[in-house]
Amino acid sequence: MNNELSPNSLALIALAVEYCKRVEDAPNFDDRDDFIASMLKLLPRLYITATDVDDYSGYSEYFIDSMLDEVTYDAVREGIAILMAEDDVYLEVFQSDMKYSETPIATSISENLADLYQDLYNFAVSVRDATSDVQQELVGQCKDNFINYWGQTLLNVLRALNQLYYN
């Protein structure tokens, strides 16, 4: 196995760290639109980079550890919720339960961004001190998580942020 990380893998790690710092800093934004603008620039880059990482298939003895505690998750979510104020909640149409529901399903920008934060934080912390070969496997697992979970969450919240920013 080649021990060097690909440029796409390195970019994914860097963007995960950048994303985590940005959402942790949400309470320090003076203007909600500045925060939304920063997310509108960062989220598509994260999506494209995760898409460009090679698919991972196979068994690994290494896992992305769950490092984020509930207090930190809640602090990040609450910081974003305060910044978003009354515009935090939006109707979600890309929810698997939606086809069985007669009423709209509401979700929140803050919860979606915090869910992304949780996955990317755990990835960034796990990969930080790992050896190159373990990092490659962790990047692959992050790609699997992107495909199975957070990719759709990213797109859903991106749509809501776009609507707020441009309307």
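How many helices and how many strands does the protein chain have? Colour the model by secondary structure: the protein chain has five helices and two strands. Here helices are DSSP runs of H or I with at least four residues, strands are runs of E with at least two, and both are numbered from the N terminus. Going along the sequence, the order is α-α-α-β-β-α-α.

This is a predicted model, in which local features need pLDDT of at least 70, side-chain atom pairs count only at pLDDT 80 or more, and totals for chains, interfaces and linings use all residues. Residues are numbered from 1 along each chain as its sequence is written, and side-chain values use heavy atoms, with hydrogens and water left out.

**Whole chain**

Show the surface. The accessible surface comes to about 9300 Å² (Shrake-Rupley method, 1.4 Å probe), and 48% of this belongs to carbon and sulfur atoms. Of the 167 residues, 46% count as buried; buried means under 20% relative accessible area, exposed over 50%, and partly exposed in between. Contact means heavy atoms within 4.5 Å. Among contacts with a separation of 6 or more, 79% are between residues 24 or more positions apart.

**Helices α3 and α4**

Select residues 70–84 for α3 and residues 109–128 for α4. Their axes come within 8 Å and cross at roughly 145°. Axes are lines fitted to C-alpha atoms over the stretch in contact, and angles run from 0 to 180 degrees between N-to-C directions. On the α3 side, the residues that meet α4 include Tyr-73, Val-76, Ile-80 and Met-84; on the α4 side, those that meet α3 include Ile-109, Leu-113 and Tyr-117. The residues of this contact divide into nine nonpolar, three polar and three charged. Ala, Val, Leu, Ile, Met, Phe, Trp, Tyr, Cys and Pro count as nonpolar, Asp, Glu, Lys and Arg as charged, and the others, Gly among them, as polar.

**Ser-126**

Stay in α4 and select Ser-126. Is Ser-126 buried or exposed? Ser-126 counts as buried because its relative accessibility is 11%. Not counting residues up to four places away in sequence, Ser-126 touches Phe-63, Ile-64, Asp-65 and Leu-138. Look at Asp-65: its backbone nitrogen lies 2.9 Å from a polar atom of the Ser-126 side chain.

**Tyr-166**

Move to helix α5, residues 132–166, and select Tyr-166. Tyr-166 is exposed, since its relative accessible area is 56%.

Definitions and conventions:
Buried means under 20% relative accessible area, exposed over 50%, partly exposed in between (1.4 Å probe, protein chains only). A polar contact is a pair of N or O atoms within 3.5 Å; within protein, one must be able to donate a hydrogen and the other to accept it, and residues adjacent in sequence count only if both atoms are side-chain atoms.
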